[in-house]
Amino acid sequence: MNHIFRTRTAASALALLAAVTSAQAQDKPESLDLGVFTFLSGPAAAYGMPGRQGAEIMIEKINADGGISGVPVTATYVDEAQGAEGVISEYRRMADGEADFMIAALSSGNCLALAPIADQLKMPTIGWNCDSHQLFKEPHDYYYRPNGNTIAEFMAYTLYFLEQNPDISRVAIINPDYSFGHDAAEIVKATLAAMKPDVEIVAELFPKLGSATYQTEISRLAATRPDVIFSNLWGGDLENFVRQAAPRGIFRQSQAVLALGETVLQRSDLPEGVVVGVLGDGWWRSPDAQSIGAASDFAAAYAAKFDEDPVFPAIKMANSLLVMKAGYEKAIADNDGAWPTEEQLIAALEGMTAQTLTGEMTFREDNDGVVDQVVGMTTIVEGIDYPVLGNMVRYDGATLLPPAGTDPIEWIGTLTPAFLSDLPKPGSYE
Amino acid sequence: MVFIPLIVDALANAALIFFVAVGLTLVFSVLRILNVAHGSFYSIGAYLAASAGLWIVSAGAPGWLTFPTLLLSAIFVAVLFGPVVERTLIRWTYGKSEAVQVLVTFALFLILEDLQRMVFGVQSVYQDTPMTMLGVVEIGGIVYLNYQLLLIALAVFMLIALKLFISYSRTGKLLSAVVADREVSQAMGIDTSRMFVIAFSVGVFLAALGGALATPTSGVSPGLGADTMVLAFAVAAIGGLGQVEGAAIAAIIVAFAKVLAIYFAPSLDAVAPYLVMLAVLVVRPYGLFGTETARRI
């Protein structure tokens, strides 16, 4: 009897041990499966594909370095060109078992739609590119954006061209006809009103997103004789606009400011002296990126695989993956080395600071990232066969962000020209 | 001062719209089919011309060769698709309801869109050699591309050529007879099947030529066919379905509406053509040049 009891006890103990071991093994997944949302087709793919390519390179790098705590990363790529309805349904489908973490999305419209769903499904998600400052009007527990927002970005360009062209009086705007374009126009106008109220907006054009031709808009811009033409056209639209506007002398007639201009430097003939930006600090040749040291390796791997240098969407994507990796590593450390639950991961991301390829990112209390803003002008340098950023400035990200919870446009209205005079000057970032 | 640029912009816009709209209206007038796939022929012409032009440039051949490529691409598309599509899908819809005809041509549009993605990929294509080769000119204080002026001249040439073809060539007269009365034409011994193939192929050619001619000043990417198709429908409806001169005048009206919106009310840019269409169709439901016809019951 005693023998039988001992045997049963030993068997139970073994079974319990096996169950515990098995549970631990299940806790640490065989792979960390990502859903990566970007534009893979249409005019927006000119911006979206570098994002995907950046993800491929960074995932290869993470896996080559042993994955995240030994867990390799895999990605399934989803085309955002299918429209918001398709994107939402794909997100839901993947969240229901196929994906552990989402890098979603490029389009602000899709981010606005997905953020509440991330909360609802408790799916940790990083918005790798969406910029709309509308995103965190409502709080989101499971949605994080490591890239800053439209307020800091478009204030940065306006402040830069005001410093660069202090005598301007006429500004024209040509932006895509959706929230990103209209928001940017509103921010530029609000900043001008605060810093230099005598500036006149002589034209505001909003061509359809994905327009094939801009010839009439170019005529209109030429006719209004602006001192500065501001645009946040992007992807194929921007390339199209530049290719059509350059032969018609637009870039000689006015100071052009192309907020997302770095993406087309390798693909079009932009002259020297055009103000271009990277939405944040995502330029792999910047002094900070060079001193951190990893960006050049990333760029070399990117060029080897895709036969071109990375543009800033690729860097934004890579930086987002590094932020995700840092979040997991922090959560694992906080969890005594065990693989974290979604809740533990979210707790780790809260207020986290992470180093990226190009600088440092900190999540504010509203999950919005604080990143610096790099702006420059197209400059020809020896050894590079396309224009790069010169005469640069690096604005501190926190300086250009309104406090969380305040109305950003009202906040801009409270600023005075002294704000501009206190900022670093173009050319100060070398 | 702004008057002259406005006219140049409107005419340059109208020229591009004209090619695709007149092709649509020609097919409708002869075949009595509203071909939704017409926009696909426009974008296939554009993709082919752009791809061929890029190949010519990358092969190191002289840049002027990209000009004949624009025409040859349109001819190739017309020869490849015109007879085949008319003799299979389109012919099958004759005598069927308008709903069936629209559904069949819409299905063809979707198939062709996917085919384009498979053949030409999903990235935007740019081929601007003809535009840059021709240089620029200043009109009314604004720098224009000489290529834009060439487009206006080509549209005028095409309008005249079409009118001469329809009025004086044997085939054109036969087409007119078929348009006037299909059954009597058949009774008189006209081979209407052949006329349908010719008319459809000419329609495909005009759409493809519009796309090819647009490439030097426009990017080519997925979705171009749908955008063009909607605009061509608006122009054809304003002019009166089946009216060549109507398509020309309507193209100018729509282009002026669009340009005026961009100049003076940019927020109305996208809807301007459709506001014009609404205004015209409220007053003349059969279009500016269309005629009211009694429905047979």
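Is E56(A) buried, partly exposed or exposed? E56(A) counts as buried, because its relative accessibility is 18% and the cut-off for burial is under 20%. Keep in mind that this is a predicted model.

E56(A) has a charged partner. Its side chain meets that of R52(A) in a salt bridge, with 2.9 Å from N to O. Side chains of opposite charge can pair when their charged atoms come close. R52(A) falls in another accessibility class: at 24% relative accessibility it counts as partly exposed. This bridge belongs to a wider set of contacts. R52(A), E56(A), E60(A) and K305(A) are linked in a network of salt bridges.

How many salt bridges does a search of the whole structure find? Over all chains, the search finds 25. Another of them joins the side chains of K189(A) and E204(A), at 3.0 Å from N to O. K189(A) lies in helix α6 of chain A, residues 179-195, and E204(A) lies in strand β7, residues 200-205, so the bridge ties together parts that are 15 residues apart in sequence. K189(A) is partly exposed, with a relative accessible area of 31%. E204(A) also counts as partly exposed, at 25% relative accessibility.

A further bridge pairs R394(A) with D288(A). Here the closest N and O atoms are 3.7 Å apart. The pair links distant parts of the chain. R394(A) is in strand β15 of chain A, residues 388-395. D288(A) is in helix α10 of chain A, residues 287-292. R394(A) is buried, because its relative accessible area is 12%, under the 20% limit. D288(A) counts as partly exposed, at 27% relative accessibility.

Now turn to the rings. Over all chains the count comes to 22 aromatic pairs. One of them is formed by F37(A) and Y91(A), and it is tilted: the centres are 5.9 Å apart, with 55° between the planes. This pair links distant parts of the chain, 54 residues apart. F37(A) is in strand β1 of chain A, residues 32-38, and Y91(A) is in helix α3, residues 84-98. How accessible are the two rings' residues? F37(A) is buried, with a relative accessible area of 0%. Y91(A) likewise counts as buried, at 0% relative accessibility.

The rings of F39(A) and W234(A) make an edge-to-face pair, because their planes stand at 65° and the class needs over 60 degrees. Their centres are 6.4 Å apart. This pair also links distant parts of the chain, 195 residues apart. F39(A) is in the loop between β1 and α2 of chain A. W234(A) is in the loop between β8 (228-231) and α8 (235-245) of chain A. Both residues are buried. Elsewhere, ring pairs link F154(A), Y157(A), Y178(A), F180(A) and F230(A) into a cluster.

Rings also take part in contacts with charges. The charged end of R220(A) sits over the ring of F264(B), 5.8 Å from the ring centre. In chain B, K96(B) lies over the face of W92(B), at 4.3 Å from the ring centre.

A histidine comes next. H140(A) is in the loop between β4 (125-126) and β5 (143-144) of chain A. At 9% relative accessibility, H140(A) counts as buried. Which backbone oxygens lie 3.4 Å from a polar atom of its side chain? One is that of L135(A). Another is that of E138(A), also at 3.4 Å.

The last stop is on the surface of chain B. L268(B), V271(B), L275(B), L278(B), V282(B) and V283(B) make a nonpolar patch of about 560 Å². Among these residues, V282(B) is in helix α12 of chain B, residues 272-283. V282(B) counts as exposed, because its relative accessibility is 62% and the cut-off is over 50%.

Conventions: Residues numbered from 1 in each chain as written. Chains lettered and ligands numbered in written order. Predicted model: local features only at pLDDT ≥ 70, side-chain atom pairs only at ≥ 80, totals over all residues. Heavy atoms only, no water. Patch = residues over 30% accessible without salt bridge, like charges linked within 9 Å, V, L, I, M, F, W, Y side chains within 5 Å. Areas by Shrake-Rupley, 256 points an atom, 1.4 Å probe, with all protein chains shown as cover. Salt bridge = Lys/Arg side-chain N within 4 Å of Asp/Glu carboxyl O. Helix = DSSP H or I, 4+ residues; strand = E, 2+ residues; numbered from the N terminus. Buried < 20%, exposed > 50% of the residue type's maximum accessible area, 1.4 Å probe, protein only. Phe/Tyr/Trp six-rings, centres within 6.5 Å; stacked < 30°, edge-to-face > 60°. Lys NZ or Arg CZ within 6 Å of the ring centre and 35° of its normal. Polar contact = N/O pair within 3.5 Å; in protein donor to acceptor, adjacent residues only side chain to side chain.
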